[in-house]
Structures are given as C-alpha cells and as structure tokens.
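User: I would like to learn how to read the helices and the packing in a model of this kind. Could you take me through it one feature at a time?

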Amino acid sequence: MFENLAIPRIWPLGAILFNFLFLLIAIPIEAYIFNRRLQFDKKTSTFYAISVNLFSGAIGWTIFFLLEPALPATFKSELISFVFFNNFKSPNTQSLLILAAVIIFFTTIILKFFLLQMFVFLLTTEGSKKEEEVEIPKRLRWRFANKVRFQSTNLVTTTLIANALSYSAITFILLIRNR
C-alpha cells in the first residue's frame with residue numbers, strides 16, 4: 001500500500017488554497033462562537049478553534065487519501081477534473097458531490113464535537129489537580145452531573161452553530177467566486 005509513495009510533480013494548488021481559505025474563514029468564526037456561547041476568553045476560544053479545525057482537517061485528508069484508491073475509475077476521473085480544472089465531465093456528478101458535502105458536514109460536526117470535548121476535558125482536568133481528595137456530598141455530585149450534562153449539550157449546540165456558520169460563509173464565498 002505504501003510502496004508507491006512519492007512526492008508528486010503536480011500540486012493541486014486549487015485544493016491547497018481552498019483548504020487554506022477554509023481554515024482562514026472557519027477559525028475566526030468558530031472562535032467567535034466559542035467565545036460568545038461557551039464564555040471562554042478570546043485566547044482560549046481561538047486555541048480551541050485552531051485545534052479543532054486543524055485536527056479535523058488532518059483526519060479528513062487522511063480518510064480521503066485512504067478511501068481514494070478504492071474509488072472507481074470514473075469517480076477518480078471526475079475528482080481529478082474537479083480538483084485541477086474546477087469542472088465536471090458528467091452532469092450527475094454534481095448531485096453526488098452534494099450528497100458527499102452533506103455527509104462531510106455532519107461527519108465534521110461529530111468529529112469537531114468530540115475533539116472539542118476532549119480538549120476541554122484535557123485542559124480542565126490538567127489544571128485542576130487536587131492534592132487531597134475531599135468527600136463530596138451526594139447532592140453536590142448530582143448538581144455536578146447535571147452541570148456536566150448541560151455543558152455537553154451546550155458543546156453540541158455550539159459546535160453545530162459554529163460549524164454551520166463557517167460552512168455557510170465558505171459556501172457563500174464559493175458561490176460568489178463561481179459567478
């Protein structure tokens with residue numbers, strides 16, 4: 001599988017620049033939403049937005065490069081035509097592209113939610129280590145469990161809103177570019 005790995009002679013500059021544009025637009029929008037909805041300070045919300053977007057982008061490209069060899073030759077041809085020349089050979093490819101975009105959108109929301117939850121958990125537990133264990137009353141444990149459940153729901157909603165706004169902004173820019 002990895003025996004034919006080599007540095008390509010032709011670079012898909014359009015795809016690279018699109019990914020850079022995507023990050024350039026998504027990070028500030030998502031950082032703003034994290035700042036407003038989760039009440040993080042600006043530095044922390046920017047850190048979370050950068051981390052979540054870079055990790056989800058890296059995971060997405062890894063999945064793409066693992067799935068690409070398994071595609072049929074017609075899909076590979078359409079993919080190369082779209083990446084390098086920004087057009088399709090077949091008219092039914094656009095409907096397949098819309099389906100793929102919807103799947104990618106929802107997969108990205110789930111991935112970003114789990115990444116954000118992991119980052120928040122790792123950064124809050126690392127900084128709040130206690131030297132001695134204190135017995136917590138049952139009522140306070142119940143309140144803490146409800147607070148964690150509410151925070152998890154808030155993270156899902158915030159991730160959905162942030163991802164939807166960043167994808168909407170990028171879609172709007174792509175529509176302007178194609179006119």
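Analyst: What follows goes from the overall fold to one helix pair and then to the nonpolar cores. This is a predicted model, in which local features need pLDDT of at least 70 and side-chain atom pairs count only at pLDDT 80 or more, while totals for chains, interfaces and linings use all residues. Residues are numbered from 1 along each chain as its sequence is written, and side-chain values use heavy atoms, with hydrogens and water left out.

User: How many helices and strands are there in the chain?

Analyst: Helices (H or I, at least four residues) and strands (E, at least two) are DSSP runs, numbered from the N terminus. Here the chain has five helices and zero strands, and its pattern along the sequence reads α-α-α-α-α.

User: At what angle do the axes of H1 and H2 cross?

Analyst: Axes are lines fitted to C-alpha atoms, for helices over the stretch in contact, with angles from 0 to 180 degrees between N-to-C directions. The axes of H1 and H2 come within 8 Å and cross at roughly 140°. Angles under 35 degrees count as roughly parallel, over 145 as roughly antiparallel, 65 to 115 as roughly perpendicular and the rest as oblique, and H1 and H2 are therefore oblique to each other.

User: Which residues have the most contacts inside the largest nonpolar core?

Analyst: A nonpolar core is a set of buried Ala, Val, Leu, Ile, Met, Phe, Trp, Tyr and Cys residues joined through side-chain atoms within 4.5 Å, where buried means under 20% relative accessible area, exposed over 50% and partly exposed in between (1.4 Å probe, protein chains only). The largest core has 17 residues, and those with the most contacts inside it are Phe 34, Leu 38, Phe 40, Tyr 48 and Leu 116. Helices H1, H2, H4 and H5 each give two or more residues to this core, and H1 gives the most, with six.

User: With which residues is Tyr 48 in contact?

Analyst: Contact means heavy atoms within 4.5 Å. Leaving aside neighbours within four places in sequence, Tyr 48 touches Phe 34, Phe 40, Leu 116, Phe 119, Val 120 and Leu 123. Apart from this core lies another, of seven residues, among them Phe 22, Ala 26, Phe 105 and Ile 170.
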